[in-house]
Amino acid sequence: MRIHRRATIHFSAAIKYQKQNKKILCLSLFIYSLLVGTLCIGSEMGSVKIEFAVQMKKGDEAYANTLRKALDGLGEVDVDLKEGRVIVQTESPWSEVHDKIESTGRKAVLSGFGGQSAVALINTTGSVVDRTPVQGVVRFTAISAKKPGVLVDVVVDGLEPGLHGFHIHESGDVSLGCASVGDHYNPRQSRHGSPEASPSERHAGDLGNLRADESGRAKIRFVDAELEVAEIIGRAVVITASADDLGLGASDQSLIDGNSGERIACGIIARSAGIMENFKRFCACDGVTLWDERNKPLTGKERSQKL
Amino acid sequence: MMQSIVISLALCATICAAAQTRNTPIQAIAYVSGPVQADGSQVKGNVTFTQNDCGQNVHVRVQLEGLKEGKHGFHVHEKGDLSNGCTSTGGHYNPDKVDHGGPDHEVRHVGDLGNLEVNSTGVIDITYTDKVISLTGNRGIIGRAVVVHELEDDLGLGDHVDSKKTGNAGGRIGCGVIGVNSDVDEWPCRDGGAGGLRSSLSILAVVVALFLSRSV
């Protein structure tokens with residue numbers, strides 16, 4: 001679609017200039033392509049803005065300084081005491097920033113991530129066999145509004161140490177657990193492959209492997225140059241029991257799913273808030289704050305009632 | 001001669017546009033679950049959405065169990081982010097920034113789906129049609145969340161301060177992300193999607209026709 005539109009632009013430009021000097025046409029096309037090229041290079045950075053809601057008081061400069069010190073070296077830090085908001089421009093995983101903020105003794109809740117963004121909560125909800133304690137968060141954000149490319153930020157716990165296949169599947173139906181999310185997302189009808197391979201040599205949903213450390217945690221951040229946030233919303237990410245052989249195995253299955261085995265955890269890719277889009281600090285229903293939310297049941301006596 | 005070329009190109013554009021129209025329905029599903037309550041009950045089940053084509057009404061099927069008898073507010077919330085439980089799904093999906101209302105009201109949030117009326121069995125299986133929500137386009141509900149509330153939604157008609165904002169439906173007892181459930185690789189009707197292809201094809205055909213008629 002994108003190629004098509006670009007072709008139309010070039011075509012109409014060609015008509016417009018056909019009676020004028022051909023040099024002008026060539027020159028303007030040259031400048032145009034230069035501009036496009038510069039834009040592409042400029043947006044290739046893996047740095048992203050992450051916004052946290054932090055319990056802070058207006059005018060508490062001492063705490064703001066403690067916070068700045070704690071976050072030193074992670075990137076550009078912007079503390080807004082009045083709004084209780086901290087924005088960090090960083091190349092580190094969000095979980096690291098989160099832990100550093102909470103190391104100051106205050107609670108923090110991630111409230112915005114990048115520009116157009118999405119999030120998948122990884123668990124085994126809906127699975128008929130609930131045996132894995134795998135849990136985690138995968139965040140996606142567009143690296144540029146104008147071209148494809150998605151930054152993927154993963155933190156998952158409870159995995160067997162070693163490599164695990166990591167893929168986007170075509171559907172977001174978890175009514176039968178990870179079994180009902182369909183095959184790998186593959187709009188170009190390609191073979192299975194490595195995320196490094198050309199688009200025709202991989203499924204769009206092939207994100208390679210996650211490596212879990214001795215504690216069972218996998219933490220990684222990478223950029224996939226082909227994906228777009230809009231096309232993956234509502235689909236699912238799946239983690240498998242075995243390593244993905246990236247299509248290099250000897251069997252036929254290698255070209256389908258990289259012999260990556262059973263699906264052990266998954267989550268639907270959902271819309272999430274970008275920077276400065278989330279001003280809620282408490283549940284509108286009864287006034288429980290964002291920070292207390294994780295300690296409160298959703299209903300019942302324990303839940304404080306506003307009125 | 002020129003006229004026939006122009007006519008045939010225009011015809012081609014029309015056929016291209018017609019050929020792109022979908023004839024398989026678009027489907028989405030949300031697997032809803034909530035925490036186990038003090039009495040051991042737990043809200044769970046599926047909500048499925050079916051739309052026969054872009055811009056058409058959406059048929060909603062709600063199959064849930066573990067609900068208490070009575071009415072429960074039922075809404076599509078703006079985000080599908082469950083990282084902080086049902087709370088992080090934001091407010092009711094309300095792209096037009098209008099007051100809260102009932103599903104049949106003139107003024108309502110896009111996400112206002114009214115109440116689920118549950119009998120003493122605690123199980124509900126209903127199908128109905130909504131004229132406002134859509135599965136496609138930038139304002140589609142895919143990737144957002146359905147939320148079931150503890151209390152009745154007063155549909156904006158109550159005298160509580162939150163009535164015009166939330167319907168005063170209380171806590172969130174169950175939620176789920178609305179996921180794709182169709183065999184679609186290219187999500188139709190979204191900006192720059194199939195609609196874009198159709199219009200750019202027609203424009204291209206017209207431009208080519210003009211270009212040809214000039215050059216002859």
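This is a predicted model: local features need pLDDT of at least 70, side-chain atom pairs count only at pLDDT 80 or more; totals for chains, interfaces and linings use all residues.

Me: Start with chain B. What is in it, and in which order along the sequence?

Reply: Chain B holds two helices and nine strands. Its pattern along the sequence reads α-β-β-β-β-β-β-β-β-β-α.

Me: What order do the strands take in the open sheet of chain B?

Reply: The order is β6-β4-β8-β9-β1-β2-β3-β7 (chain B), eight strands with antiparallel pairing.

Me: Why are β6 and β7 of chain B called edge strands?

Reply: Each of the two, β6 (112–118) and β7 (124–130) of chain B, pairs on one side only. Neighbouring strands of this sheet are turned by 20 degrees against each other on average, direction ignored.

Me: How do you know that β4(B) and β6(B) pair?

Reply: Pairing needs at least two bridges. Strand β4 (residues 70–77) of chain B and β6(B) are joined by five, and they run antiparallel. In this pair, His75(B) sits opposite Asp112(B) of β6(B).

Me: And what makes β1(B) and β9(B) a pair?

Reply: The test is again at least two bridges. Strand β1 (residues 26–33) of chain B and strand β9 (residues 172–180) of chain B have four, in the antiparallel sense. Ala30(B) stands opposite Ile178(B) in β9(B).

Me: Why is β6(B) called largely enclosed?

Reply: Because six of the seven residues of β6(B) are buried, the strand is largely enclosed by the rest of the structure.

Me: Is Asn168(B) buried or exposed, and how do you know?

Reply: The cut-off for buried is 20 or more other C-beta atoms within 10 Å. Asn168(B) has 25 such neighbours, so it counts as buried. Its place is the loop between β8 (145–149) and β9 of chain B.

Me: What makes the backbone of Asn168(B) worth a remark?

Reply: Its phi is positive, about 55 degrees, although Asn168(B) is not a glycine. Most residues other than glycine have a negative phi.

Me: Where does Lys97(B) lie, and what is its phi?

Reply: Lys97(B) lies in the loop between β5 (83–86) and β6 of chain B. Its phi is positive too, about 50 degrees, and Lys97(B) is not a glycine.

Me: What does the UniProt record list for residues 43–178 of chain B?

Reply: The unreviewed UniProt entry lists "domain: Superoxide dismutase copper/zinc binding" there. In the model, that span is 0% helix and 40% strand. Its end C-alpha atoms lie 16 Å apart.

Me: Now chain A. How many helices and strands does it have?

Reply: Chain A has seven helices and 13 strands. Of its 307 residues, 40% are buried. For chain B the figure is 43% of 216 residues.

Me: How is chain A divided into domains?

Reply: Domain 1 covers 48–113 and domain 2 covers 117–272 of chain A. Their centres, taken over C-alpha atoms, are 29 Å apart. Five residues from domain 1 and nine from domain 2 of chain A form the contact. On the domain 1 side, four are nonpolar, one is polar and none is charged.

Me: What makes Gln135(A) partly exposed?

Reply: Buried needs 20 or more neighbours, exposed 12 or fewer. Gln135(A) has 17 C-beta neighbours inside 10 Å, so it counts as partly exposed. This residue is found in strand β6 (residues 135–142) of chain A. Beyond four places in sequence, Gln135(A) is in contact with Ile122(A), Asn123(A), Asp157(A) and Gly158(A).

How values were computed:
Residues are numbered from 1 along each chain as its sequence is written. Chains are lettered from A and ligands numbered from 1 in the order in which they are written. UniProt positions are given in the numbering used here, feature names are shortened, and annotations may be inferred rather than shown by experiment. Domain bounds come from an automatic or database domain assignment. Two residues are in contact if their C-beta atoms, placed from the backbone, lie within 7 Å. Ala, Val, Leu, Ile, Met, Phe, Trp, Tyr, Cys and Pro count as nonpolar, Asp, Glu, Lys and Arg as charged, and the others, Gly among them, as polar. Axes are lines fitted to C-alpha atoms, for helices over the stretch in contact, and angles run from 0 to 180 degrees between N-to-C directions.
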